[in-house]
Amino acid sequence: MNLPFLKWPGGKRWFVSKHLDFFPKSFGTYIEAFAGSASVFFALQPERAILCDKNEELIATYRAIKSRVNKVKDALEHHARNHSSDYYYEVRASNPSDIVSRAARLIYLNRTCFNGIYRVNMNGQFNVPKGTKDSVLLATDNFSVVSAALRNAKLVTGDFTLAIDEAASGDLVFADPPYTVKHNHNGFVKYNETIFSWDDQVRLADTLYAAMMRGAHIVGTNANHPSVRSLYAERGFELTTVSRFSAISGSGNSRGQYEELVVRSPNSQR
């Protein structure tokens with residue numbers, strides 16, 4: 001199994017390390033509707049895939065590694081040689097236009113910013129401060145293997161429907177949206193409501209239901225909240241609860257065990 005090279009809030013490294021048995025043994029095209037760090041994609045190593053995300057910088061990074069991996073490695077090595085506090089903020093303020101520089105910038109900032117958080121301001125500018133980690137190049141890096149894994153993947157920027165609507169009978173859809181829930185006003189939900197509303201949650205459930213009706217295998221993760229459980233139970237999905245450790249938090253006392261909901265179509269359990 002190849003580790004993803006990005007740290008992403010809500011990433012599923014923990015999930016694939018414990019729960020790969022939730023996925024069917026065989027399937028057609030693998031479709032990931034909220035790619036993020038693509039932990040499940042890298043764990044399953046599908047022969048054909050569609051990776052989708054609304055984050056244009058993220059998808060541009062995957063495209064650069066797919067087609068120009070050596071150039072990305074060279075650019076990342078340049079960041080490693082020049083890394084310092086001042087240099088971090090210079091790179092953060094930059095806005096490169098070519099795909100290689102954009103990819104190297106995202107990876108560099110992801111590895112040296114506070115807690116690996118991806119956050120932008122109202123103008124779409126990355127605004128996370130420098131963190132305590134200074135390792136730009138990691139011993140686990142194998143960008144050539146990542147590039148090979150992406151070779152047969154279609155990379156899509158935009159709404160999750162662009163990917164899920166392509167699912168046909170026998171394909172596998174994995175959906176891991178931001179965990180916005182109904183009638184829940186904690187800070188995490190308040191933050192995510194700006195990028196994924198409850199209406200989006202309903203649209204997602206309907207889109208996954210339509211794909212299930214076309215014969216696709218569906219596996220999803222979401223907040224273990226009554227509103228979300230009802231949303232999927234009434235559409236005929238099977239529900240399972242799992243526990244995870246969350247380390248994405250601004251304060252240590254808010255980190256701990258959280259329950260998550262696993263949503264599956266009945267035909268995925270084979």
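Visitor: Why does D176 count as buried?

Guide: Buried means under 20% relative accessible area, exposed over 50%, and partly exposed in between (1.4 Å probe, protein chains only). D176 has 13% relative accessibility, so D176 counts as buried. This is a predicted model, in which local features need pLDDT of at least 70 and side-chain atom pairs count only at pLDDT 80 or more, while totals for chains, interfaces and linings use all residues. Residues are numbered from 1 along each chain as its sequence is written, and side-chain values use heavy atoms, with hydrogens and water left out.

Visitor: What makes the contact between K12 and D176 a salt bridge?

Guide: The term requires a side-chain nitrogen of Lys or Arg within 4 Å of a carboxyl oxygen of Asp or Glu. For K12 and D176 the N to O distance is 3.1 Å, and their side chains meet in a salt bridge. K12 sits in the segment before α1 (13–18) and D176 in the loop between β4 (172–175) and α8 (187–193), 164 residues apart, so the pair links distant parts of the chain. Helices (H or I, at least four residues) and strands (E, at least two) are DSSP runs, numbered from the N terminus.

Visitor: Which distance puts K12 and E260 in a salt bridge?

Guide: Their side chains meet at 3.7 Å, N to O. Because K12 lies in the segment before α1 and E260 in strand β7 (residues 256–264), this pair ties together parts that are 248 residues apart in sequence. K12, D176 and E260 are linked in a network of salt bridges.

Visitor: How do you know whether K12 and E260 are buried or exposed?

Guide: K12 has 4% relative accessibility, so K12 counts as buried. E260 has a relative accessible area of 1%, and is therefore buried too.

Visitor: Why is R203 called partly exposed?

Guide: R203 has 34% relative accessibility, so R203 counts as partly exposed. R203 forms a salt bridge with D159, the closest N and O atoms being 2.9 Å apart. D159 is in the loop between β3 (153–157) and α7 (161–164), and R203 is in helix α9 (residues 198–213), 44 residues apart. The structure holds 11 salt bridges.

Visitor: What makes β4 and β5 a pair of strands?

Guide: Two strands pair if DSSP finds at least two bridges between them. Four bridges join β4 to β5, which run parallel. One of the residues with a bridge partner in β5 is F174, whose partner is V219.
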